[in-house]
Amino acid sequence: MPSISMLSTTIDTPSVCKCPRIAASWTMTMDSNFPPPLNNKKKKEVSVQLSSSTPPVPSRVETLRFCDLHFDRLQPSDQELDQHNRFEFGQFVARQAFLDEEYWTAAWLRAESQWEDRTYERYVDHYKRNFADEEFNAIKKRCRVQNGESCTCIITVRKEKKNVKRSILKSVVGTLDLNIRYLLQGEKFPGERVKAPPFCSINRTPSSRYGYIANLCVAKSARRQGIASNMLYFAVESAKSIGVARVYVHVDRNNRPAQILYQNLGFEIVEMANSLLLNDQTYLLHLQT
């Protein structure tokens, strides 16, 4: 365990959450340049102990900003969940996220992935926490059905074992978003009309409905076990089950492993989109289900 110091932080809860301010203390390694505590108001201390081997949230997580989250909450048992809308592979299960703690853990995985190659930067843990908090709220907002379009946060969890109880923090090892959307009038693929008028109408016909995959990431400690490919397979099958004929994804032009991952599942580059995505350094890939 690294050297230990204590940090106490007073936390303002969102205005919609009618609960008192809380303060939290975590065991962590600190840079002497780490931002100082926000203030010295009276605080109630909360102690959180996390195993150093626990993915995806390491012992450096210091902020609890949402009054209804319980980070010692156990992963729901198989009997508590829908037995049909899930996909088992090896020691894992891919399924839809249901609990706020699952959403938050998915958000933290995405923060870890976003800052994975930038650990040398000053205040990186502070930025990751802020990113995770913002992404947590964004996931919850996206997962509300809006105007006939929807978003599902898919997670991969460790398979339940007899007489073994895991917390959600220890169980979730992968995540992605499956969006169901409609093309704009006149579009052949998402983003074709980059200069579409602000109030351009959406083509709400079955043939214009498509799936879009985003935010795929896997905990570093659980990689090379087929989690990404099996989550993608589950997402594609989920889209197919509701009548979606096409699934799209953007991938970085320099990320050859990701391109191979998608192409092995049957995704192909949308050649017509290449010229539009040169500045973004991305490819648009699609799969006909």
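**Confidence.** I'm working with a predicted model. The chain averages a pLDDT of 79, and 74% of the residues score at least 70.

**Rings.** I looked up the aromatic pairs and got eight. I picked out W115 and Y127: the ring centres are 5.5 Å apart and the planes sit at 20 degrees, so I log this pair as stacked. W115 is in the loop between α1 (100-114) and α2 (124-142), while Y127 belongs to helix α2, twelve residues away. Buried or exposed, I asked of W115? With a relative accessible area of 11%, W115 is buried. Y127 comes out partly exposed at 34%. I also noted one aromatic cluster, made up of F87, F89, F92 and Y233.

**Cysteines.** How many disulfides did I get? The count is zero. I checked C143 anyway: its nearest cysteine sulfur belongs to C151, 4.4 Å away. A disulfide needs the two sulfurs within 2.5 Å, so at 4.4 Å the sulfurs of C151 and C143 are too far apart for a bond. C143 is partly exposed at 22% relative accessible area, whereas C151 is buried at 7%.

**Charged pairs.** R110 meets E135 at 2.8 Å, N to O. That pair links helix α1, which holds R110, to helix α2, which holds E135, 25 residues apart. Both partners are buried, R110 at 6% and E135 at 11%.

R110 also bridges to D177, again at 2.8 Å, N to O. D177 lies in strand β6 (residues 172-182) and R110 in helix α1, so this bridge ties together parts 67 residues apart in sequence. I have D177 as buried, with a relative accessible area of 1%.

Then I looked at R142, whose side chain meets D177 at 2.9 Å, N to O. R142 lies in helix α2 and D177 in strand β6, so parts 35 residues apart in sequence are tied together here. R142 counts as partly exposed, at 28%. Which residues end up in one network? Through shared partners, the salt bridges join R110, E135, R142 and D177.

Notes. Residues numbered from 1 in each chain as written. Predicted model: local features only at pLDDT ≥ 70, side-chain atom pairs only at ≥ 80, totals over all residues. Heavy atoms only, no water. pLDDT = per-residue confidence, 0-100. Phe/Tyr/Trp six-rings, centres within 6.5 Å; stacked < 30°, edge-to-face > 60°. Helix = DSSP H or I, 4+ residues; strand = E, 2+ residues; numbered from the N terminus. Buried < 20%, exposed > 50% of the residue type's maximum accessible area, 1.4 Å probe, protein only. Salt bridge = Lys/Arg side-chain N within 4 Å of Asp/Glu carboxyl O.
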